[in-house]
Each structure stands twice: as structure tokens, then as C-alpha cells.
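Thanks for coming. I have one structure to go through, and I will keep it short.

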Amino acid sequence: PNHHHIRATHTHFTYEIFFVTSGSLKLVTTNSIMEYKSSVLIIPPKTKHVSVPTGGESYCLLFSFNGNPSIAEQLNQGICELPINEEIIFYVKKFTESTLENTYSSTVNVKHLAALIFNNVFNNLNSTDLKIYNNKKYVSQHINAIETYINSHITNNISSKLTLGDVAKNVFLSTKQVSRIIVNEYGCTFSNLI
């Protein structure tokens with residue numbers, strides 16, 4: 001994978017779906033940092049995010065949805081997470097293999113496998129295992145990551161060398177975002193907090 005592309009903040013005008021088949025995927029959005037394992041993640045359109053696979057395999061597809069309005073409403077509430085099952089893992093791996101073959105029969109296979117993948121995912125959207133993460137509910141997760149990083153430097157007596165840029169880089173945010181989160185949570189600047 002091209003790590004420059006993976007770490008770039010981006011949005012899509014379509015849905016993005018991740019299949020985390022092994023390892024984990026760290027997903028950084030405007031207000032949260034979450035790590036997912038053995039999951040199917042559906043990210044709604046126009047959601048700013050950075051996706052960072054850490055070990056194992058993760059697959060990503062983009063799709064548009066013109067179907068059932070109640071499903072569309074559900075998908076647009078926030079990032080949807082479902083547990084991944086063996087059937088989806090099998091279909092996703094076959095989909096990837098067929099895509100790389102680039103033959104007529106593989107093109108037909110890709111269409112059928114995509115239908116099987118999405119049929120399986122949409123059938124599970126009514127599952128009790130479905131979790132929806134609305135970005136506004138998870139602001140505190142950023143502050144937890146920021147606090148953990150700052151505290152680890154303070155306890156090692158190297159806080160004088162700590163910069164806003166160091167913190168931002170470690171939590172995958174811009175310096176402006178970290179500064180704004182600190183002001184919102186503590187009512188002071190980064191340097192005053194240190």
C-alpha cells in the first residue's frame with residue numbers, strides 16, 4: 001500500500017466500505033479515533049477520514065445506494081460497524097482475485113461476487129450486532145489520545161521538548177484540530193496546558 005495515500009485525509013461522494021478481515025484498521029475522523037478488528041465498516045458520503053491499516057488485510061470498496069430509504073437513512077446516521085463473517089471474507093478474497101485476473105470470465109465473477117457481498121452486508125444491517133458511531137458522540141476519544149500522549153511525555157520529564165506538532169502527528173490530526181480540542185476541553189492553549 002501507498003502509505004502517503006492511506007494517511008491523507010479525504011472524503012468521498014459515495015459510501016466507502018471496509019472489510020477488515022485480519023489485523024486492524026485505525027479510522028480517524030474529525031472527532032474520533034477508533035480501531036476496528038474483524039469488522040465491516042460503512043462510512044457515509046462526505047465524512048472526512050483517514051484510514052490506517054495496521055497489520056493483516058483490509059479491503060475497501062466505494063458504492064452508491066439508491067435502494068430502500070430506511071436503509072439509506074440508517075447508513076447516513078454515522079459510521080456503521082458490523083462483525084465480519086466467514087462468508088463475507090471468502091467473497092471479498094475471491095472478488096479481489098477476480099479483479100486482478102482481468103479476463104471476461106473474471107469480470108462476470110466480479111459482478112456476481114459484488115452482489116453476494118452487498119446482499120450479505122445489507123441483510124445484516126438489521127442485526128442486533130450493528131453499531132452506529134455518530135462523530136459527535138465520540139469527541140472525547142480524541143482528547144483521550146491527546147492526554148495519553150502528553151501524559152507519557154510529562155511522566156518521563158521531557159515535556160519541555162513536547163510540541164503541538166508532535167501531539168498532532170501522533171494522533172493523526174492537524175495542529176489546528178488538536179489546538180481547538182484542547183481549548184474546548186480545558187479552556188486554555190496547548191502551552192498553558194503543558
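The buried residues of helix H4 are covered by, among others, strand S1 (15-20), strand S4 (39-43), strand S6 (58-63), H2, strand S7 (79-83) and helix H3 (86-101). Keep in mind that this is a predicted model.

Which residues of H4 are buried? They are Ser106, Val110, Leu113, Ala114, Ile117, Phe118, Asn120, Val121 and Phe122. The helix itself runs over residues 104-123, 20 residues in total. From first C-alpha to last, H4 reaches 29 Å, close to the expected 28 Å.

Is glutamine 74 buried or exposed? Its relative accessible area is 16%, and the cut-off for buried is under 20%, so glutamine 74 counts as buried. A polar atom of its side chain lies 3.1 Å from the backbone oxygen of leucine 125. Beyond its neighbours within four places in sequence, glutamine 74 is in contact with Cys80, Leu125, Asn126, Leu130 and Ile132.

Last, the sheet. It is open, has three strands in the order S3-S2-S5, and its pairing is antiparallel. On average, neighbouring strands here are turned by 20 degrees against each other, ignoring direction. S2, residues 24-29, pairs with S5 over six bridges, and serine 24 stands opposite threonine 54 in S5.

That's what I have; I'll take questions now.

How values were computed. Residues numbered from 1 in each chain as written. Predicted model: local features only at pLDDT ≥ 70, side-chain atom pairs only at ≥ 80, totals over all residues. Heavy atoms only, no water. Pairing = 2+ DSSP bridges. Helix = DSSP H or I, 4+ residues; strand = E, 2+ residues; numbered from the N terminus. Axes fitted to C-alpha atoms, helices over the stretch in contact; angles between N-to-C directions. Buried < 20%, exposed > 50% of the residue type's maximum accessible area, 1.4 Å probe, protein only. Polar contact = N/O pair within 3.5 Å; in protein donor to acceptor, adjacent residues only side chain to side chain. Contact = heavy atoms within 4.5 Å. Expected span 1.5 Å × (residues − 1).
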